[in-house]
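Me: Could you walk me through the packing in this one? I'd like to start with the aromatics and then move on.

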Amino acid sequence: MTVCRDCCCGNPTKRPAVDHDGQLRRLREALAGRHRVRTSQCLDVCDQANVVVVHPTPAARRAGARPVWFGLVDAPAIDDDLIRWVLDGGPGVAPLPPILELSVVTAPAR
């Protein structure tokens, strides 16, 4: 999982109601030992802050799964849904829960 933490994402000025440090700590604690949670500089979808990208496992990637991008990840309930999905297997393994479909954003063109 990649959590954007740059100009807009993780910025208390842009999203003052979000405990950005707490969110990152929670994701890392919940996924520790099984999944890596890293931070990134700007992922270029600033209007969707906070942005999280869930990566498929290596086996799922070899089978064709691709990363799924999420925007407006700014509530503990969304964090819970992401954690549950990742622990269930994530992209290419577990179906995307309908509630998370609401948070999916298009990755920027590279």
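**Aromatics and cores**

Reply: Trp85 is buried, as its relative accessible area is 3%, where buried means under 20% with a 1.4 Å probe on protein chains only. This is a predicted model, in which local features need pLDDT of at least 70 and side-chain atom pairs count only at pLDDT 80 or more, while totals for chains, interfaces and linings use all residues. Residues are numbered from 1 along each chain as its sequence is written, and side-chain values use heavy atoms, with hydrogens and water left out.

Me: How many aromatic pairs does the structure hold?

Reply: There is 1 aromatic pair, counted when ring centres (the six-membered ring for Trp) lie within 6.5 Å. Phe70 and Trp85 form it edge-to-face, at 5.9 Å centre to centre and 75 degrees between the planes, edge-to-face being over 60 degrees. Phe70 sits in strand β4 and Trp85 in helix α3, 15 residues apart, with strands (E, at least two residues) and helices (H or I, at least four) taken as DSSP runs.

Me: And is Phe70 buried or exposed?

Reply: Phe70 counts as buried because its relative accessibility is 0%.

Me: OK, cores now. Which residues touch the most other members of the largest one?

Reply: In that core of 18 residues, they are Met1, Val54, Phe70 and Leu82, a nonpolar core being a set of buried Ala, Val, Leu, Ile, Met, Phe, Trp, Tyr and Cys residues joined through side-chain atoms within 4.5 Å. The largest share of this core, 5 residues, comes from α3.

Me: What does Leu82 touch?

Reply: Leaving out residues up to four places away in sequence, Leu82 touches Met1, Val52, Val54, Phe70, Val73 and Leu100, with contact meaning heavy atoms within 4.5 Å.

How values were computed:
Buried means under 20% relative accessible area, exposed over 50%, partly exposed in between (1.4 Å probe, protein chains only). Rings of Phe, Tyr and Trp (its six-membered ring) pair if their centres lie within 6.5 Å; planes under 30 degrees apart count as stacked, over 60 as edge-to-face and the rest as tilted.
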